[in-house]
Amino acid sequence: MASHKSICIVGPSKRFLSGISYYTIRLANAMSAEKDVSVVCFRQLLPTFLFPGKSHVGKDISDLSFSPEISVFDGMDYNNPLTWVRAYNFIQLHKPDVIVLQWWTSSVAHMHLLLKFFASVLNKPKIIIEFHEVVDPFEESVLPIRLYSKITGKLLRKNLDAYITHSESDKKLVAERYSISPENIHVIPHGLYDQYGNVLDSKEAKKTLSIKEEFVILSFGLIRKYKGIPYLIRAFEQLPAEILEKTRLLIVGEIWEDRKELLDQIEVSSCSDRITLVDEYVPDEKVSLYFSAADVVVLPYLRASQSGIAHIAMSFGKPVVVSEVGGLKESMAGYEGTFFVPPGDVESIRQTIPNLLGKNERYEAPDQKWDKIINSYIELIQSM
């Protein structure tokens, strides 16, 4: 395949901002340095009232944007056929040789299927699907969504040219779950989210956040059942008294699931006066502040394919206590600041945290820059 061939990347817009929105922008911007890139965005993913993060829909809380040279269609709406026609016209205009579909939720599967159909009646570009989730745990738990996902997903995955995962463990899961030949599944690591600026002075960051304690344990990101926050709270409560008295647990993230259970757990906690909950989708400008204030980042996930939060923590050089699950076992293994614990193991979290407080050690981020990631994409594309 000649090097001048063009690529169209498909993912969510910033209207329903999520980690996949950031990923789509970073991938497109990095790819545009080597290739002619266009982007089709999904603008309205589902009825807004059904979206767990409905409070931040449409808000301008991210500074990240597509490079000026990238042509962007923003975008397709789940319920508006006029936007589908415009997407067809956009693809017809740009005639991409390769389309890369970002898969993270079945709610947009019908729009993915439309784009696959458009490709089949136009110039028949190669189609790649990139898995960020093998299956969403919430969608898997709701029967109608699970059936919809199974049917549309099967149609979408059929006869594609290549499949991408971010880890060998996800490759194995995708191959087994969807009966895809492993030789057609390619592992390309997740690029670092290093767009949030420099590390600030830790004491100044704590002061700005009105934190008087000497140490800060940070939990960051969307709060969902599989993130294991209750285990972290229990581990925090069991820290030695001499550590507890000078430590704050900072839980920062928009609550998507189990709100009442989390609020009740914090309220009745023996350490409730040392726990701060910030229930919001954090604007980009505040991210550096929270990670700079943190002495340790704890991600007690019960399952995970990848974690954008872990990549932010690595870019800030912070020690990360993380569950040894899924793709995290691979993506975090090369980072010296990683301290693995078994999932759901309160005692292991409790034992690990004290060893990291007060060291002020900054670790070297792994070599997962986007230009290196893009080289892997280009090798795959040119081999097809």
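In strand E6 (residues 162–165), Ala162 and Ile164 point one way while Tyr163 and Thr165 point the other way, and all are buried, where buried means under 20% relative accessible area, exposed over 50% and partly exposed in between, with a 1.4 Å probe and protein chains only. Strands (E, at least two residues) and helices (H or I, at least four) are DSSP runs, numbered from the N terminus. The model is predicted: local features need pLDDT of at least 70, and side-chain atom pairs count only at pLDDT 80 or more, whereas totals for chains, interfaces and linings use all residues. Residues are numbered from 1 along each chain as its sequence is written, and side-chain values use heavy atoms, with hydrogens and water left out.

E5 and E6 pair in the parallel sense over three bridges, and two strands count as paired if DSSP finds at least two bridges between them. Here Glu130 has Ile164 in E6 as its bridge partner. Towards E7, strand E6 is again parallel, joined by three bridges. Ile164 stands opposite His186 in E7, and Thr165 stands opposite Val187 of that strand.

These strands belong to an open sheet of seven, with parallel pairing, in the order E3-E2-E1-E4-E5-E6-E7. Strand E3 (71–77) and strand E7 (185–187) stand at the edges with a single partner strand each, so one side of each is left without a neighbour in the sheet. From one strand to the next, the twist averages 25°, with axes taken as lines fitted to C-alpha atoms, for helices over the stretch in contact, and angles running from 0 to 180 degrees between N-to-C directions. Helix H1 (residues 19–31) lies across strand E1 (6–12), strand E2 (36–44), strand E4 (98–103) and strand E5 (126–131), and runs at about 165° to E1.

Another open sheet is formed by six strands in the order E10-E9-E8-E11-E12-E13, and its pairing is parallel. Its edge strands, E10 (275–278) and E13 (338–341), each pair on one side only. The twist in this sheet averages 20° from one strand to the next. Within it, six bridges join E8 to strand E9 (residues 247–252), and the two run parallel; Val216 stands opposite Arg248 in E9. Helix H8 (residues 229–237) packs on the sheet, touching E8, E9, E10 and E11 (contact means heavy atoms within 4.5 Å), and its direction makes about 170° with that of E9. H11 also packs on the sheet and touches E8, E9, E10 and E11, with its direction at about 135° to that of E8.

Helix H11 (residues 284–293) is mostly covered, with eight of its 10 residues buried. Among them are Val287, Leu289, Tyr290 and Phe291.

The structure also holds two cavities of 30 Å³ or more. A cavity is a set of points, on a 1 Å grid over the protein atoms alone, where a 1.4 Å probe fits but cannot get out, and lining residues have an atom within 4 Å of a point. Grid points are joined across faces, edges and corners, and a volume is the space filled by probe spheres set on the points. The largest cavity has a volume of about 50 Å³. Its lining includes Ser219, Phe220, Lys227, Val298, Leu299 and Tyr301. Strand E8 (215–220) and strand E11 (296–299) are the elements that give two or more residues to this lining.

Key: 1 Å grid on protein atoms, 1.4 Å probe; cavity = no way out; pocket = protein on both sides within 12 Å on 5 of 7 lines; lining within 4 Å.
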